[in-house]
Amino acid sequence: MSDHGNGAAARTAQDEAAAQGRAQGLETGWTVFSYLLAGMAAYGGIGWLIGRAVHVPLLFPIGMLLGLGISIGYIIHRFGRQQVVERPRKEITGDR
Amino acid sequence: MTGEVGVLANNGCHIFNGCGFPAPGLQSFNWKPFFTVGSFGFTKPMLLAILAALVVIVFFWVAFWKPKLVPRGMQNLGEMAILAIRDQILRPSLGRKGDSYLPLLVSLFFFIYVMNVMELIPVLQFPVPARIGFVWPLVFVVYFLYLYLGFKHQGLLGYFKTMIPPGVPWPIYIILVPVELLRFFIFQPFTLGVRLFGNMFAGHLLLTIFTVATWYLLSLSVGLLYAAGSFFLAIFVFLLEILVTLLQAFIFTTLTATYIASSVEPAH
């Protein structure tokens, strides 16, 4: 393949990688947001139900905070670790 | 014409006339029906939604009515549109295997985009997704599709298992199950719909506020300066909305593609 062909292929690969990164970023962002809401709703709901049964209304906000904490912990566990991004290695030509 | 704009235009309501600012609000999103059939009223957003669907159908029909090997004119434009969706939305999430979903994603993107862009066209000037009732059917189509694909490709139990990553100790599993179930079945589709609705709702409200304020502040006095400031902001929001209309269609379609991908490929 000519240099021109290689350059075009490299640009296409870069464009594809950028588009993939964009799609992954969008998905991660909205998944994280959904986790925050779901954690508060799930444990807030459980707290509210128990609070209603035992007549302790405070269990509702406590449940929400607990759910938020669980969500944040889970988000850090699942998305917090930095992903190793493979970069194309530069050719060592020895003419530097 | 919506309520407060009509009042302004008809009554000449200005700041120095002793007329209070008719602040746009929810009434800017309610339309009197053009006609009614029993309890059903046919309103402007319904007309715009039908118009948007017709625009998309006619555009692609004209583009590919008689396709030629070397594309020209409308076919060129149609191919560019389809390839843009394929390369920027479908392939990054689904790869080449997902090409069978291209018609769905192309229709979804352009239908949402045309509905959004109605906001910026004079006379039409209303984004259909600013009425949330038009957003939920689109969300339900996506929701039921990715649930169906998930159960089909991974089985009932397998699909639930993939929601929580492997290697999690079982007590943590119990803690995470309610969060994951709510996230997956309620909040994922909820955020998909509410984001589109919220952005278009807010954009239309801002445009209406600054346009109404420009007219309201207009007078041959110092009010002219205020009107100029409001006019500048209206233009700024208008330019911003050109980007937002495209971006919201893009985000909705991209998230649809990633949700389909996570249903089809468990390890995604």
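Helices are DSSP runs of H or I with at least four residues, strands are DSSP runs of E with at least two, and both are numbered from the N terminus. By that count, chain A has two helices and zero strands.

This is a predicted model, in which local features need pLDDT of at least 70, side-chain atom pairs count only at pLDDT 80 or more, and totals for chains, interfaces and linings use all residues. Residues are numbered from 1 along each chain as its sequence is written, while chains are lettered from A and ligands numbered from 1 in the order in which they are written.

**The two chains**

Chain B has eight helices and two strands. Along its sequence the pattern is α-β-β-α-α-α-α-α-α-α. The radius of gyration, taken over C-alpha atoms, has a globule rule of 2.2 Å times the number of residues to the power 0.38. Chain B has a radius of gyration of 23 Å, well over the 18 Å that the rule gives for 268 residues, so it is more spread out than a compact globule. Its C-alpha atoms fill a box of roughly 70 × 60 × 45 Å along the principal axes.

Two terms are needed for the table. A residue is buried if 20 or more other C-beta atoms lie within 10 Å of its own, exposed if 12 or fewer, and partly exposed in between, with C-beta atoms placed from the backbone. Two residues are in contact if their C-beta atoms, placed from the backbone, lie within 7 Å.

| Chain | Residues buried | Contacts 24 or more apart, among those 6 or more apart |
|---|---|---|
| Chain A | 22% of 96 residues | 49% of contacts |

**Where the chains meet**

The contact takes 20 residues from chain A and 19 residues from chain B. On the chain A side, helix 1 (3-54) and helix 2 (59-79) each supply at least two residues. Helix 1 of chain A gives the largest share, 16 residues. By class, this side of chain A has 12 nonpolar, four polar and four charged residues. Here Ala, Val, Leu, Ile, Met, Phe, Trp, Tyr, Cys and Pro count as nonpolar, Asp, Glu, Lys and Arg as charged, and the others, Gly among them, as polar.

**One residue in chain B**

B:Asn199 sits in helix 7 (residues 170-217) of chain B. B:Asn199 counts as buried because it has 20 C-beta neighbours inside 10 Å. Leaving out residues up to four places away in sequence, B:Asn199 touches B:Val244 and B:Gln248. B:Met46 is 153 residues from B:Asn199 along the chain, and their C-alpha atoms are separated by 19 Å.
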